[in-house]
Every structure is written in structure tokens, then in C-alpha cells.
Amino acid sequence: MVRTLLLDLDGTLVDTVPDIAAALNRLMAARSLAAFSDPEVASMVGDGVAVLISRAFAARGIAPDEGALEAFTADYEAHVAVESRLFPHVRPVLEGLARDGWQFAVCTNKPERASRRLLEVLGILPLLRAVGGGDSFPVRKPDPAHLLATLAQAQGSSEQALMVGDHRNDVAASGGAGIRCIYAAWGYGAPGMGEGSAAVARDFIEAADFANVLLPRFA
């Protein structure tokens, strides 16, 4: 059975905060609200767009207006890959893992259309067997059904799968699905979010090394 690496997107594969922050700050400016720094935005991502918007407006002491979510989504999708970049080593490591028999699927709380567009522009969409976005299924992380549905689209099995992610949602969803998680310490999550993971990796190279140890090719 082929081994499947399930991958979070924001903060794991791609540094997306610059473009998320730019779109969010355009939304704030249009409502005469103060902008956010990149670190502030990084602390708010991981639970989907609606939660991001809710947190941003709450930080300014008000509730989101009716058109805020739609306006942000349209703006962000139009500027999804302006400053966003793959984290160091991602592409060569994925290509090396593929030669070693791994397949890949992205499981993210980002909307699927924006995710696919970003992955396409960055050139790694062809490496993926599936993309499970935050709106692809009735549930999203931390619900383990999100991981399992994405894994099913990739035609993988939970016994031969691992998750790599930088958020507590990745660890929780993996645990619920019976899939071990490698915590991406290079991402946006606080160190404590990795509690319960099978391993904590400092960069994508180390994550791949852990993957091969946790799921050896000829186990």
C-alpha cells in the first residue's frame, strides 16, 4: 500500500501570511479600522476564513458587517499568490519523497478554490493526489472526518498515512482519525500546539526524515 503524507497548507507548506494580511488590511482600511501586523495575522489563522474575519473584527471591538466575509474572500482569491512563498526545501523534499514511493494530499481549512489556485501558481498542485479545503466537505479540521475524506480522495489508507501540520487542529484531527501527526514547528502555531504529536520537526527536511522513520517503506 502506498504511503500518504497529508499536508496542512498555511504555515506548513506555504508562508501565506503576507497575502492574507494584505487582503485583511484592505478590508480593515475600507471600514476605517486599524491594520494588523503579519505576526498578529499569523496568530489568527488556522480555523478558516469566517473565524479569521470574526477574530479580526473582535480585535477592533466590533462584529463583522454582513459583507465582510464575501469581500475578503473575493479580494484574497484575486491576490492569493502575490507574496506567498513555499517554505524552504518544500518542493525538492516532496519530489524526493515521491521518488521514494510517497503520495501527497493537502488538507486545509482554507477554501478549496483559493488553495488550488495558490498551489497551482507555486507549481506543486501536480504533485498532489487530492486537495481537501475547508469548504470541500461538511466538516473541517479539527474534525477527523476532514482528514479521512481527503485521504479517501487520495485513495490512501489511515494505516499508511501521516499528517504534517503547524496547528493544534492538525494534531487533534489526526489523533481522532488514528493518524500520527508530525508537528511543523517552523509554522505559525505556538510550541504548545504540538502536544500529542508523534514528532516535532524544525523544518521540512526533518519532517520528511520523521515520516520515513514513522512509516518505513518496507515495514
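## Terms and basis of the model

A residue is called buried when its relative accessible area is under 20%, exposed when that area is over 50%, and partly exposed in between, using a 1.4 Å probe and protein chains only. This is a predicted model, in which local features need pLDDT of at least 70 and side-chain atom pairs count only at pLDDT 80 or more, while totals for chains, interfaces and linings use all residues. Residues are numbered from 1 along each chain as its sequence is written, and side-chain values use heavy atoms, with hydrogens and water left out.

Helices (H or I, at least four residues) and strands (E, at least two) are DSSP runs, numbered from the N terminus.

## Leu-6 in strand β1

Leu-6 belongs to strand β1. This residue counts as buried because its relative accessibility is 0%. Setting aside neighbours within four places in sequence, the contacts of Leu-6 (heavy atoms within 4.5 Å) include Leu-162, Met-163 and Val-164, as well as Ala-105 and Ile-179. By contrast, 23 Å separates the C-alpha atoms of Leu-6 and Val-51, which are 45 residues apart along the chain.

Two strands pair if DSSP finds at least two bridges between them. Strand β1 (residues 3–7) pairs with β6 in the parallel sense over 4 bridges, and Leu-7 stands opposite Val-164. Strand β7 (residues 180–184) also pairs with β6 in the parallel sense, over 4 bridges; within β7, Ile-182 is the bridge partner of Val-164. Together with helix α8 (residues 168–177), β6 and β7 make a right-handed β-α-β unit. Right-handed means that, with the strands pointing away from the viewer, the path from the first strand over the helix to the second runs clockwise.

## Backbone features in loops

Which peptide bond is cis? The bond from Lys-141 to Pro-142 is cis, with omega near 20°. Pro-142 lies in the loop between β5 (128–132) and α7 (144–153).

Ser-32 is not a glycine, yet its phi is positive, about 55°. Ser-32 sits in the loop between α1 (17–30) and α2 (38–42) and counts as exposed, at 71% relative accessibility. His-89 likewise has a positive phi, near 75°. The loop between β3 (85–86) and α5 (90–99) holds His-89, which is partly exposed with a relative accessible area of 38%.
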